[in-house]
Amino acid sequence: KVLEVAYAAYEGLQNSDGVVITHGTDTLTETAALLTYLVQDLGKPIVITGAMHSMSEQGSDAPKNLLDAVHLAMSDLAGVYVSFAGNVLNSTRLRKDSPQRDDAFRTVNTGQIGRFYNGNLCAMSDKIQLRNGSASPTLYTFIEDRILMQRIYQGFDPKLLKFAEREGYKGL
């Protein structure tokens, strides 16, 4: 399904200032990271957001998250970002820390890109990409599925990696 999302985002970039994708929170981090690699050379933003509480619930975070995402999609940034709980987060270094908290997402080993204060975006990082009207996005449509997920730890036996090679895995 992420290829369908990538294609829709790529198409959406052709005739808009940016793209907003609403997404469930359970797999949002995976989609965000994959989009970063599937749609490259962006001159505009692709923004992914979701909510911890349904739009129909009193006090839902959905309206604010959606509004922030739209503001981010109209900003001067370019690239793939996650907008959630007022935070603008790096799409490739993201993890979900909590299934209940409104600010459930955190970046790993990097700070947040920015933050919304009273509807205004404040950049908090010098590692942002700026909008580039002459950029021409590239869509990649192949995802290698022969990848072995293996936790590496002190004392890990490297012979196990030979298994992956022998069985035709393309990456670790």
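Start with the lining of the largest pocket: by class, it has seven nonpolar, eleven polar and three charged residues. Here Ala, Val, Leu, Ile, Met, Phe, Trp, Tyr, Cys and Pro count as nonpolar, Asp, Glu, Lys and Arg as charged, and the others, Gly among them, as polar. This is a predicted model, so local features need pLDDT of at least 70 and side-chain atom pairs count only at pLDDT 80 or more, while totals for chains, interfaces and linings use all residues. Numbering runs from 1 along each chain as its sequence is written, and side-chain values use heavy atoms, with hydrogens and water left out.

Now select Val 80, Tyr 81, Asn 90, Lys 127 and Gln 129: of the 21 lining residues, these are the closest to the pocket's centre. The space in there comes to about 370 Å³. (A pocket is an open set of points on a 1 Å grid over the protein atoms alone, where a 1.4 Å probe fits, with protein on both sides within 12 Å along at least five of seven lines; lining residues have an atom within 4 Å of a point. Points are joined across faces, edges and corners, and the volume is the space filled by probe spheres set on them.)

Which element gives the most to that lining? Colour β4 and you have it, with four residues. β2 (39–40) also supplies at least two. Helices (H or I, at least four residues) and strands (E, at least two) are DSSP runs, numbered from the N terminus.

Next, the nonpolar core. A core is a set of buried Ala, Val, Leu, Ile, Met, Phe, Trp, Tyr and Cys residues joined through side-chain atoms within 4.5 Å. Buried means under 20% relative accessible area, exposed over 50%, partly exposed in between (1.4 Å probe, protein chains only). The largest one has 22 residues, and Ile 21, Leu 35, Val 39, Ile 46, Ile 48, Val 82 and Phe 105 have the most contacts inside it. α1 (2–14), β1 (19–22), α2, β3 (45–49) and β4 (77–84) each give two or more residues to this core. Apart from it lies another core, of nine residues, including Val 47, Ala 69, Tyr 81 and Ile 113.

Zoom in on Ile 21. Leaving out residues up to four places away in sequence, Ile 21 touches Val 5, Ala 9, Leu 35, Ile 46, Val 47, Ile 48 and Thr 49 (contact means heavy atoms within 4.5 Å). Then hop to Thr 31 in helix α2 (residues 28–38). Is Thr 31 buried or exposed? At 9% relative accessibility, Thr 31 counts as buried.

Last stop: salt bridges, three in the whole structure. Each is a side-chain nitrogen of Lys or Arg within 4 Å of a carboxyl oxygen of Asp or Glu.

- Select Lys 96 and Asp 26: their closest N and O atoms are 3.2 Å apart. Lys 96 lies in strand β6 (residues 94–96) and Asp 26 in the loop between β1 and α2, so the pair ties together parts that are 70 residues apart in sequence. Lys 96 is partly exposed at 27%, and Asp 26 is exposed at 65%.
- Select Asp 68 and Lys 64, which meet at 2.7 Å, N to O. Both lie in helix α3 (residues 62–73), four residues apart, about one turn of the helix. Asp 68 is buried at 3%, while Lys 64 is partly exposed at 45%.
- Select Glu 165 and Lys 162, with closest N and O atoms 3.7 Å apart. Both are exposed.
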